[in-house]
Every structure is written in structure tokens, then in C-alpha cells.
Amino acid sequence: KNSSYTLYIQDPTMLRLALQRTNTILFRRQSQSAWRALSSSLPSHEVVGLPALSPTMESGNIADWKIEEGQAFGPGDVLCEVETDKATVDFEAQDDGVLAKILKPSGSQDIKVGAPVCIVVEDEDDVASFADYNVLDDVSSADDETPAVVASSDTVTEAVVTPSPSRDIEDQYILSPAARHLSQSKGLDATVLTGTGKGGRVTKGDVLLNLDSLPPLPVVSAVPPVAVAASVPVAAAAAAAATPVYLSEAEVPEPAGSFEDVPNNNMRKVIAKRLTESKRDVPHFYTSVEIELDEVLALRKKLVNDHEVKVSVNDLIIKSSALALRDISAVNATYNDKKSEIVPSDDVDISVAVATPTGLITPIVTGADKRGLSSISSCVKDLATRARDGKLKPEEYQGGTFTISNLGMFGIDEFSAVINPPQAAILAVGGGSPRIIPTPYVEGAEEQEPPKVKTIMTARLSADRRVVDEATAAVFMKAFQEYLSKPHLLSL
């Protein structure tokens, strides 16, 4: 109750949850007060939190500290290297200072954005005061409430749970269906609880509030079928078969062979999260075309022989896509999910998927429609090299209006790619393979032209239906096919 309103809660489960939340807030305030009191006895200092070095960054890893404790630094100096969800980025200082204490050493994993990583002071003489300094993440991080809830759960349960005087139901119906499923799925025995439901029945809320204190389910040894049939009556055997058998971890047989669990790094975690959201929330549809590459291959040889310029098929694909985006600008757009509106772009910035040891990253070839083939080739080589080394700048992989993913060099003929939001489309390119193509029949000709062998490539566009409709996608793919099959048009 307070001065503005009165809240009445009759449901015991809701009452416990409400009191637990209140106790959590009080615990947090007490912890923060204690932390402030501790900090007030120390010299003037700043607790530096992990910054968000990319728009999608929620946590990061400290790869390496570039300065040591007690060392002074100035604006622009690199304090440490941080592994974000996209690349390894330098964490640069904004002001002068002295590094008094490193709270997260090199190699620290999964540090939340805003969590303390170091202590900075102005005077070098104050460094010694922080030799034993420690900041609790659960106090300094406003998002992490788990420690407070755990610390208060026992007190709340003891103060609120009032045992029912007796049970009016049979033992086999003590647990509600939801409570039985929850407790058994976690291997816990909830029948020891005094339920708050009707007739003393144990509810799901009772189980949730006592998960940490429930005992494990009893281990029941399985009886061999032959022994059961020989020594007990049929009715008793049927009852034994109906009783669930729970095995302890020690009794679970080890799988044959050896294996190793490999934890996901930050980049792969974010890729998994974003692509899952894309496949779930973005209405994908697909259009495919087959393109002859014979003239493309001939142009590559000519450029090498006549001008000593080496370009790849991928460079020509990027240029063809850029010109098609310039012509069909409706595909060169992004979708603003918050405002539910299409955002067209005047710049043709193409993201190129590059496989790295830590995951997939998409550096951007900016202004691809205005670049020549040699410029695109050198730009892609430079971006791909620095992407694999983890040295890309944030502006070199954030943004883009269109993505190309090429698996042709891996022997893949065709595949479907997942859209990279907020972009509206992604082009999946397979490798070229020789095929026998029949020639048109010429009526009246004495001799028909024999079939020809052509190198055919399949390209498939994944498009966001909220931005691009089927007709627009078809026109775009036709334009892309026209440019790539006639590469002399790329100079226009």
C-alpha cells in the first residue's frame, strides 16, 4: 500500500512473486549503498565499463590489454583489444589517465556491455590504493538481477508459504499436471512440498519457488523382464512396469568414442540469433535464373593477356549486381522494422560474405556501381584479408544495401541464402558447370547446328516480400542475367 493506490492480491503464488520482487529491489539498493560506501573511502577514480563497439553487441571478450597497471595513457591510445560479435576492435581512451586496476584480464569471456573492466585514476600515486579493489558485476550491472533473486528467494519462501493443515486429495493427485511435468523434467521430487492449491494440491508456482530446495527423484532400479515374470504375479509386474524409472547421472552409459564440446564464440552466437530472427520474422521468397558464363570466362582471359589485369568471376558478379541494383532501385532498399516502412538508398553498397575462422562476416564494397572491375577486385581482396585477420573497422562491415554470398568456389551448384536484416535481399551464387545445350531448330536448313557445351551458373535471390514483390524480383534477376552473360555491358 502507498499514498496513491492499494493493491490486493488473493492468489498465494502471485503474492509470493510480488514480495520476492520487492525483496529483490531492497537487496539491490542495500548492495549499491554498500558499494558507494566502499568507493567513497578510495581516491577519486572512474570505473570503466565495457563499451558497445557495434550496434548489435551485447557482450564481448577481452583479447589483449595493450597497457599495464600503473601505466599512463592519453586520448587515442589503445587500452585493450575487444572481440565483438563482428570483429576484434581497439578500445581507445578518450581522455588522459592512469590505469590503476585491470578487473577483467586478457582472455576474459562473455563480458556484458557496461560491466566494469578497469579502474582509471588521474594521479599515478593513487594506483597503490586499488591493489585489492574489486567490483561485483551483479551490483554494477543494472541488467543482471539473478544474484539478488537467489539471495532473497529463501527468505521470501519461508515468510510467505503457509502449510495447509491437511490434504483432501489422494496421494497420486498431489501434483498438478504442470507441476508434475516441471518437476520430473528437472529430476526433482515435488511431492515433499505443502501445496497451496485446492485441497493442498502442489501447483506449478509452488515448484518454481522451491526449485533450489527440492530433493532429487529417488533412483529406482529396473527389474529384468525375465525375473519379473518368474517371481511376481502378472498384476504386480504390470504395476512395476507402469512405475517410471529414473536413472542418476552415474548410471547413464557413456557414448562410444570420444568427443569435445566446443563453445560458440560471440560472432557465431550473434549470427545464430540474427539469422534465426530473420528466418522467423522476414517473409522470404525466392527467384532463380541460369546464366551462361562463357563470355565472362573469355573476358577474364582477355584482360590477363592484353592488360595483365586479373579479375575473378566474383568481381564480375558484384559489378553485374551493382548495375542491376542501379537500374532496379526498388531492390536496393532496407526495411525499418520499428516504423514498418521501406527505406530506399541512393548508394549501392554491396556486402560480400567472407568465411573466417570465427564465423561469417560481410564487409562492404561501397559505391560498387561506380567502381571499375580492377577497383572492385582490389577492394574485395583487401577487405577479405583484413576480415580473416579480424582487423576490419566497424564502418567497413556495418550497413550495406545488398548482400552476395558465393559458394561456387566450394563446389556448390546452388543454394538458398537467409536475408541479412535490415537489407531486403541477398543473392546466393553457385558454381559454373558444363552442360550440353541444344541449338534452335532451323526449318529448311540442310544441316542443323549440333548441340553446344556451355558453362552454366545458377543464381538465386532471397527477397523480403515486405519490400520487394515477385515481379520486381523477376525484373532484377533478368537485368542481372543480362549484364553477366554480356560482360561488355559492364563498362557502360
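Visitor: Why is Ser108 called buried?

Guide: In this predicted model, Ser108 has a relative accessible area of 14%. Buried means under 20%, so Ser108 is classed as buried.

Visitor: Where does Ser108 lie?

Guide: Ser108 is in the loop that joins strand E6 (97–102) and strand E7 (111–112).

Visitor: Which residues is Ser108 in contact with, leaving aside its neighbours within four places in sequence?

Guide: They are Gly60, Asn61 and Ile62. Contact here means heavy atoms within 4.5 Å.

Visitor: What is known of the largest pocket?

Guide: Its space amounts to about 680 Å³. The lining comprises 26 residues, and those closest to the centre are Thr56, Arg274, Asn420, Pro421 and Pro422. Two or more lining residues come from each of helix H8 (266–281) and strand E10 (333–336), with H8 giving the most, 4 residues.

Visitor: How do the residues of that lining of the largest pocket divide?

Guide: In the largest pocket, 6 are nonpolar, 12 polar and 8 charged.

Visitor: What describes the second largest pocket?

Guide: The second largest pocket has a volume of about 360 Å³. Its 19 lining residues include Ala353, Val354, Ala355, Asn406 and Met409, which lie nearest the centre. Helix H11 gives the most to this lining, with 5 residues. The lining of the second largest pocket divides into 11 nonpolar, 5 polar and 3 charged residues.

Key. Residues numbered from 1 in each chain as written. Predicted model: local features only at pLDDT ≥ 70, side-chain atom pairs only at ≥ 80, totals over all residues. Heavy atoms only, no water. Buried < 20%, exposed > 50% of the residue type's maximum accessible area, 1.4 Å probe, protein only. 1 Å grid on protein atoms, 1.4 Å probe; cavity = no way out; pocket = protein on both sides within 12 Å on 5 of 7 lines; lining within 4 Å. Points joined across faces, edges and corners; volume = space filled by probe spheres on them. Nonpolar A, V, L, I, M, F, W, Y, C, P; charged D, E, K, R; others polar.
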